[in-house]
Amino acid sequence: MTTNAVPMSQWPSEHRYTIPVAPGPETVTVTIDGRAAQIPRGELLIKAAQDHGTYIPRFCWHERLKPVGMCRMCLVEIEGMRGLQISCATPVADGMVVHTTSDAVTTAQDGILEFLLINHPLDCPVCDRGGECPLQDQTLAFGPGESRFVEEKRHFEKPVPISDLVMLDRERCIQCGRCTRFADEVAGDPLIDFGGRGGSTEVITYLDEPFHSSFSGNTVQICPVGALTARPYRFRARPWDLASTETSCGACAVACRGSLESTSNRLVRLLGVDSEPVNQGWLCDKGRYGLDWVHSDARLRQPMVRRAGELVESSWPDALDAAAAAIRNTLDTHGPNGIAVLGGSRGVNEDAYLWARLAKGVLGTDHVDAQLGDGLPADVVLGMPRATIPDLDRAKAIVLLAPDLKEELPVLYLRVRRAAHDLGVPLVDVAVRDHGLTPYATAVLRHAPGDPGAAAGVVADALVGRPGRTKVGKAIVDATDGRDGPVVVILGRTSVAEHPDAIVHAASRLTGLPQVRFLSALANPNVHGALDLGLTPGFLPGRVSLDAGRDHFTKAWGAVPDAVGRDAAGILRAAATGEIAALVLVGCDPLAECPDRNLARAALEQADTVIAVSAFMDTAAFGATVVLPPTVWGEQSATTTNLEGRVVRLGRRVTPDGSTLESWRIPAELAARLGSDFDLETVDEVQDEIARVAPAFAGVDASLLRRARDGVVLPLADHADEVTFGRAGAGPGPSWEPILPVPEVVGDDDRSPSTSASDSPSAAVPAPTPPVPLHRWDAPPDAPSVPPLDAYALRLVAGHALYGADAIVAATPALASLTHEPTLGLNARDRDRLGVHDGDRVRITTARGSVDLAVRTDAQTPPGTAWIVANAAGPGAPDLIDLTSPVTELRVETIS
Amino acid sequence: MGRLSGFRVTITQVFRPRVTEKFPQEKRPKPPRFHGRHVLNRYEDGMEKCIGCELCAGVCPAQCIYVRGADNLTDAPVSPGERYGFVYEINYLRCIHCDLCVEACPTEAITETKLFEFSFARRQDAIYTKDELLVDDEGRARRQPWELWLGGEDDETSAWMRATSSSGNAAYENRVAWSGELGFGVREPERGQGGDPGALPAPDQGGVS
Ligand code: SF4
Ligand code: SF4
Ligand code: SF4
Ligand code: SF4
Ligand code: FES
């Protein structure tokens with residue numbers, strides 16, 4: 001018996017510790033425990049065995065990490081090879097005959113486990129992993145059952161914090177290297193490593209530098225023992241207390257898949273589910289640990305109505321009546337143009353659709369905007385050719401015209417990093433300042449704030465093979481030469497301190513590229529769903545413009561607005577001048593979210609009526625006429641749309657405390673009180689109505705969404721072949737292995753998704769063509785005029801930090817402690833020129849206003865610019881920005 | 001004697017020893033392994049034995065135990081180790097006194113006294129929390145007004161014993177040694193059913209290893 005498999009020790013050094021051959025289409029025949037199987041050439045034996053029903057025990061190997069062969073738990077016997085081989089680093093070869101349960105193998109497994117348990121404390125009763133621990137489980141299944149070791153085990157100080165969120169118990173660590181490899185290979189934050197040798201090997205952080213990574217929680221999930229524990233979850237439950245529901249994270253627009261777990265009606269844990277096209281098992285720490293806000297005492301549990309100047313708690317019928325009366329009043333005095341609806345980008349698809357239907361179909365106003373001046377024009381987002389996240393992996397090049405993804409869309413950062421770093425896709429970074437992805441960029445282009453056009457032009461030329469005279473141009477041409485595939489442009493607001501026209505203009509220079517596709521980098525959790533469902537002026541649900549969809553929607557709804565309405569900036573301005581008298585704020589607080597706080601304040605002060613749909617008593621709700629608290633993420637089942645346009649389901653895991661109303665019922669109830677009964681009883685009926693009425697959602701009904709494992713990308717007609725049903729592999733796995741997404745069993749007929757014939761992974765999905773042609777973005781705008789650089793002023797760059805002042809962070813104690821005071825980030829040169837030092841407080845003045853902030857030297861910020869986080873609590877960037885001006889120039893004076 | 005023959009049973013009973021007792025003034029001694037109302041034990045230094053591991057809650061067939069753990073404060077620990085039982089409740093309206101919780105407990109924290117004479121007028125009283133279950137500073141059960149303690153029921157409460165046989169082997173006998181207990185110190189190890197005292201470890205070598 002000969003095989004051509006080569007053990008890892010003999011691989012060429014450049015391949016060692018990397019997966020040697022990408023599994024190809026060719027298959028080879030391998031016999032595992034007497035069963036022959038066809039396996040793609042180059043697949044690792046451990047994975048091949050798992051896919052064919054043989055579980056080989058393992059500690060260090062993880063499907064999403066490179067194999068290292070550290071734990072030796074996966075030893076198998078391969079006929080024709082001397083000794084036992086580690087199956088996690090042995091690629092399959094034709095004719096291999098493998099034994100996983102022979103005497104030699106079980107003896108080896110006994111030995112390995114006995115060795116591992118020499119130093120492993122028998123801590124299980126106090127260990128968070130106890131009950132779901134691979135070491136416990138595999139010792140029970142494969143171990144010797146008894147230890148001959150009677151000597152003292154090694155001792156370390158019990159849990160030591162290695163970051164604000166993660167604790168390390170070095171006694172329990174079995175040195176598998178999953179955490180260190182994750183931090184280095186996947187997150188790109190190599191802040192933990194092994195120190196010491198032999199029995200005193202331990203995971204360490206570098207010299208007083210804690211494991212500050214936005215992805216640290218993933219190490220806790222994949223650690224095969226309880227060595228890493230998460231502070232927010234520690235001791236809050238044991239595995240047998242937990243009930244789980246699959247859902248998507250609701251903290252940003254990536255919508256990572258997760259398994260949401262609760263005990264005693266409290267959300268306690270979110271684990272990453274391995275959705276191949278989206279998050280591949282990872283979550284960021286904000287999504288993973290942003291749970292406690294749902295149960296926060298600050299949540300509103302009762303509607304409130306202003307009576308005699310005071311907000312008082314009231315019943316739902318009274319509050320809805322009061323809101324409807326206020327709206328009717330405004331309609332009588334100001335007509336439909338006196339009402340505007342702002343927000344909806346943090347909700348779900350169902351409420352976005354019904355708010356759009358209420359505003360446009362019932363009230364007749366088109367003054368509706370989900371973005372508060374912090375986004376991109378809907379014309380662009382809805383009309384640009386859209387990319388999906390998997391397109392990144394096979395792209396010819398990725399062009400970043402986006403804010404810092406590591407801060408705003410963390411798991412998208414992981415996917416871009418993987419494409420660029422592991423898969424060799426050229427990454428072109430066009431930005432004002434350095435950010436998380438800059439180290440992985442093939443070409444870096446820097447431009448002055450407000451003026452990305454020229455840089456985009458260089459990129460556009462280079463991507464069609466015209467390097468021009470610049471070095472970066474040549475670098476791009478060299479890197480992309482001979483590659484094909486789509487050019488994926490990640491498009492977002494690089495800075496909220498400049499007018500969006502600048503970035504749109506830059507993007508328009510790239511639209512001519514062959515196979516160009518855009519991935520939106522707008523960050524609010526459901527901003528894409530809100531735009532797709534018509535919460536934006538000039539559009540109707542389903543990515544159709546007001547004019548194109550007029551007939552279709554007049555039939556469906558009875559009426560649509562006559563003319564295109566105002567966007568958020570226009571609405572706020574009109575409210576400030578009294579033209580708009582009633583503002584409906586759907587889960588948004590303009591004072592915190594709008595980049596121009598002065599404008600928002602003027603608008604809220606002037607408006608006669610403010611109806612706030614808000615889970616918290618935020619600053620806007622304080623001045624509201626009626627406050628309606630909706631049910632939130634984790635408390636209601638619904639759907640959300642992520643930045644690819646992928647519609648995924650959100651699960652309900654806990655029952656809300658107090659009296660809140662499912663978010664989509666609020667607009668439906670208001671409509672009923674204003675004389676239009678939508679006749680919708682369940683959330684499924686809303687989804688079915690969306691599928692029926694909104695052209696881009698054609699075919700995406702409740703039943704399809706239930707069965708589609710990774711959701712459905714819009715429009716279905718273009719992505720029908722990507723929809724997958726059924727379970728991959730063995731279904732829901734334990735938490736330390738990649739957990740696979742599982743579709744829900746359909747309704748009352750108790751078919752198991754994996755056995756239903758029509759849902760076999762290859763079943764074709766009926767994809768109706770949209771009844772109305774979808775909107776396309778053409779007409780590239782003219783270059784906006786940017787004032788010349790002023791040598792004495794600094795230009796403001798403002799972006800969002802991961803841990804900003806939003807409700808999720810503010811009302812979750814574990815995350816609230818991670819926020820920072822806003823500072824003024826300056827390049828060392830500007831700092832010296834201004835004669836200030838780190839920590840000095842300075843007065844920053846723009847045409848719009850002035851604030852006092854402390855100075856911080858920031859190497860990422862280039863000379864001539866100043867960096868302020870836009871979503872920090874307290875005075876900051878929003879007090880300085882004017883929504884209408886192309887850039888924000890600021891002056892700095894020292895104060896004593 | 002024909003008339004008296006009908007009283008034969010009665011007359012024989014008159015001369016038999018009396019089996020009824022003046023309950024509740026007097027109680028019969030109960031067997032040492034009697035399963036009564038539980039206590040949560042403490043170590044000799046006063047620390048709680050319960051570590052909040054929820055194994056008892058996990059095993060309880062009546063699902064009547066509710067436990068939640070929490071981090072021990074380093075300057076004022078409640079139990080040795082990282083974690084302690086922050087909430088501990090047993091609902092005696094559901095408990096079937098099977099003692100599986102006692103068997104599951106890795107630290108001999110939950111054990112049973114021999115008291116079964118307790119009844120409730122209010123449902124809340126039936127839910128024993130740490131306030132009721134935790135032994136007092138003498139290591140004795142805290143007596144509730146509705147419980148009838150006559151003495152003896154709370155002696156040697158930490159009489160831990162298996163309720164089930166090891167690995168299904170009924171003949172298996174382990175030797176149980178004890179950790180010190182507030183109010184009682186270290187108990188004599190219990191004899192196995194085979195009763196070979198020579199094979200037992202001396203009490204001072206105690207400690208479960
Ligand atoms: S801490 Fe966990 S994941 Fe990291 S090396 Fe130790 S056992 Fe492995
Ligand atoms: S990247 Fe976004 S969706 Fe994913 S876990 Fe983080 S916040 Fe949630
Ligand atoms: S004795 Fe049995 S029923 Fe009662 S609490 Fe213990 S395990 Fe539950
Ligand atoms: S009584 Fe014992 S089993 Fe129950 S939680 Fe406490 S230590 Fe664990
Ligand atoms: S899993 Fe193969 S060596 Fe660890």
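Let me start with the shell around ligand 3. In this predicted model, that shell is made up of eleven nonpolar residues, one polar and one charged. The residues around ligand 3 number 13. Which of them come nearest? They are C60(B), A62(B), C95(B), C98(B) and C101(B).

Next, ligand 2. Here 14 residues surround the ligand. C249(A), C252(A), C256(A), C284(A) and G287(A) are the closest. Two elements of chain A give two or more residues to this shell: helix 6, which runs 285-289, and helix 12, which runs 410-422. By residue class, the shell around ligand 2 has eleven nonpolar residues, two polar and one charged.

Why does ligand 2 lie between two domains of chain A? Domain 2 (157-290) gives residues to the shell, and domain 4 (379-521) does too, so ligand 2 lies between them.

Now the contact between the chains. Chain B puts in 13 residues, and chain A puts in nine. On the side of chain B that touches chain A, helix 2 (55-59) and strand 2 (65-71) of chain B each supply at least two residues. Which element of chain B gives the largest share of that side? Strand 2 does, with three residues. As for residue class, the side of chain B that touches chain A divides into five nonpolar residues, four polar and four charged.

To go back over the main points: eleven nonpolar residues sit in the shell around ligand 3, ligand 2 lies between domain 2 and domain 4 of chain A, and the contact takes residues from both chain A and chain B.

Definitions and conventions. Residues numbered from 1 in each chain as written. Chains lettered and ligands numbered in written order. Predicted model: local features only at pLDDT ≥ 70, side-chain atom pairs only at ≥ 80, totals over all residues. Near = placed C-beta within 6 Å. Nonpolar A, V, L, I, M, F, W, Y, C, P; charged D, E, K, R; others polar. Contact = placed C-beta atoms within 7 Å. Helix = DSSP H or I, 4+ residues; strand = E, 2+ residues; numbered from the N terminus. Domains from an automatic or database assignment.
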